[in-house]
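Reader: Hi! Could you walk me through this one while I have it open?
Author: Happy to, let's take a look.

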Amino acid sequence: MSMQSMVMMTAVIGFYLSGFVYLVNLAFNKKEA
Amino acid sequence: MSKGQEQWSSRWGFIAASIGMAIGTGNIWRFPRVAAANGGGPFIIAWTVALFMWGLPLLMAEMVIGKKTGYGAIGAFRDFLGKKFTWMGTWIVGVCLLIMFYYSVVMGWCMKYFTLALTGTFAQNSTTEMTTAIWQTFTTTPSETILFHFLSMAVATIIIYKGVSGGIEKASKIMIPALFLLLVGAFVRAVTLPGALQGLQYLFNPDISMLSNPKIWLEAFTQCAWSTGAGWGFIITYAVYTHEKEDIPCNCAIMGFGNNVGALLAGVTVMSAIFALSPSPEFASEVLSAGNSGLTFIYLAQLFTTMPFGQVVAAVFFLAMTIAALSSLLPMIEVGVRTFMDAGLSRQKATLFVTGGGFLLGIPSAYSLNFLDNQDWVWGVGLLVSGLFVAIAMINYGPEKIRTEVINAPWSDFKVPKWWTYSIYMIPVIFVILTGWWMWQASTWSPDTWLDPKEVFGVGTILLQWVLLLAFALGTNKLLANKMNSSNVSEVENMEGVTE
């Protein structure tokens, strides 16, 4: 696996996972609707 | 402004059901294949742009419509756009139900393959000839396909019959964590196979110069439109059961991101398994060009038999497929059930009517793969029209007003910037490009018969079936506008209710 692919994979998975975790945290740690 | 008695008992319940709605078989069997065929990394970039330009704007728009009107799609369009436009809601419900008829058959395939994996039907080191024979025997035995279609519909009926919090929410709270656990389990096993990195290299190919190829963008927007559930009428319906002060931006962003995380998990798993287990790169390419059902039920079923504990991995994989299918089948049925409830039926009667009718009208798809393929083609493209109608509802009222007064409510977890408004205005343009491209593609697949309504993947069959649904929707416009419980028509017709 090339270094560029590794960077692309890390960027994509990092973006989505951190985004998802951030949003879930925002929804459930701020208030319960 | 929910008028129904039923409500989600918690925010997590609504979110679990909505993520289940978004994650379907398309995330597992279509995303990896289409991403790999369209450059990998560049496709994922375009698919991410599509999430922000089509998926999230429409999910939020649907939630606005459902939450503020308190009706399923038909009553919601009547109240949001006025009585004359009730037919747009009828189109959305119609397309959703027409997809539900055959989607239950697809869930039946997944259930059947789960049972095959459990009972050890796939012999160690099977060949593709052997798995092709199993697939062909199954799909050409109507008693089998209809039985599993019936079982799928029966499971969904039991859940929907029990209501929103007692059925859909309770089931989703179990199904969604289970689905993610199964996907993570399969993911870990697949990426630790020798040779898995080749698949990841393929999926995350970094050649971003390919972004200049319009086809990649068209495929990415289409995948987003079909996969996120935006524009299907699902969230209009699910939003009916939300609390008045339920947040819109954060909930919809969780749905969109959850959908894409699920797709990436499945993408990494499937691509790693294909490249690690294929005897040659040529074979891996053959697998990727086999289409959704071929990839899943012939090639992956065969490749699983070549690895240690392959039966267990196959069982996990097909169970994940079954759960993904069920969690998407539920909102399809609920869109119909809510409509009949709006017309005055009890949940129990509406459920039996929709699922009973769905079972009967799904039989042709269980009987004939060609029929199912045709329906998938016609109503898959039809969904783009549904998305357009949701955008028109926003544009008619004024997207900027909706953004500032409804979406960015004081209780919202975060405020949506102006990109939402610009995206809503762009959706009609994207619709014209996407639909025109698919029609043009179809004319090149069958240059001599593309206008013939009998051509499975033609333009003629789309036009004929769309006209029939449109004629039904327009012909019943007045009837359905009056039939939906109309206690608040005057209030919302002048749109005062929308921004209250």
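Reader: Let's start with H9(B). Which of its residues are buried?
Author: In this predicted model, the buried residues of H9(B) are B:Ala196, B:Gly199, B:Leu200, B:Gln201, B:Tyr202 and B:Leu203. That is six of the eight residues of the helix, so H9(B) is largely enclosed by the rest of the structure.

Reader: Nice. And which elements of chain B give two or more residues to the side that touches chain A?
Author: Taking the contact as a whole, 24 residues come from chain B and 20 residues from chain A. On the chain B side, the elements giving two or more residues are H3 (41–69), H9 (196–203) and H12 (249–277). H12(B) provides the largest share, with nine residues.

Reader: How do the residues on that side divide into nonpolar, polar and charged?
Author: On the side of chain B that touches chain A, twelve are nonpolar, seven polar and five charged.

Reader: What about chain A itself, how many helices and strands does it have?
Author: Chain A has one helix and zero strands. Of its 33 residues, 24% are buried.

Reader: Switching to H7(B). What span should it have at 1.5 Å a residue?
Author: Its 20 residues, 142–161, should span 28 Å, and the C-alpha atoms at its ends are 27 Å apart, which agrees.

Reader: Which residues of H7(B) are buried?
Author: They are B:Thr145, B:Phe148, B:His149, B:Ser152, B:Met153, B:Ala156, B:Ile159 and B:Ile160. Looking down the axis of H7(B), these buried residues fall within an arc of 135 degrees, so they line one face of the helix. The face turned away from that buried side carries the exposed residues B:Ser143 and B:Ala154.

Reader: And what covers the buried residues of H7(B)?
Author: The cover includes H5 (86–118), H6 (128–139), H8 (164–191), H15 (310–342) and H16 (347–367) of chain B. After H7(B) comes B:Gly163, with a positive phi near 100 degrees.

Reader: One last pair: at what angle do the axes of H2(B) and H10(B) cross?
Author: Roughly 175 degrees, with the axes coming within 11 Å. An angle over 145 degrees counts as roughly antiparallel, and H2(B) and H10(B) are therefore roughly antiparallel to each other.

Reader: Which residues make that contact?
Author: H2(B) brings B:Gly26, B:Asn27, B:Arg30, B:Phe31 and B:Val34, while H10(B) brings B:Glu219, B:Gln223, B:Trp226 and B:Ser227. By class, the contact of H2(B) with H10(B) has three nonpolar, four polar and two charged residues.

Key. Residues numbered from 1 in each chain as written. Chains lettered and ligands numbered in written order. Predicted model: local features only at pLDDT ≥ 70, side-chain atom pairs only at ≥ 80, totals over all residues. Helix = DSSP H or I, 4+ residues; strand = E, 2+ residues; numbered from the N terminus. Expected span 1.5 Å × (residues − 1). Buried ≥ 20, exposed ≤ 12 C-beta atoms within 10 Å, placed from the backbone. Arc of directions from axis to C-beta. Contact = placed C-beta atoms within 7 Å. Nonpolar A, V, L, I, M, F, W, Y, C, P; charged D, E, K, R; others polar. Axes fitted to C-alpha atoms, helices over the stretch in contact; angles between N-to-C directions. Parallel < 35°, antiparallel > 145°, perpendicular 65-115°, else oblique.
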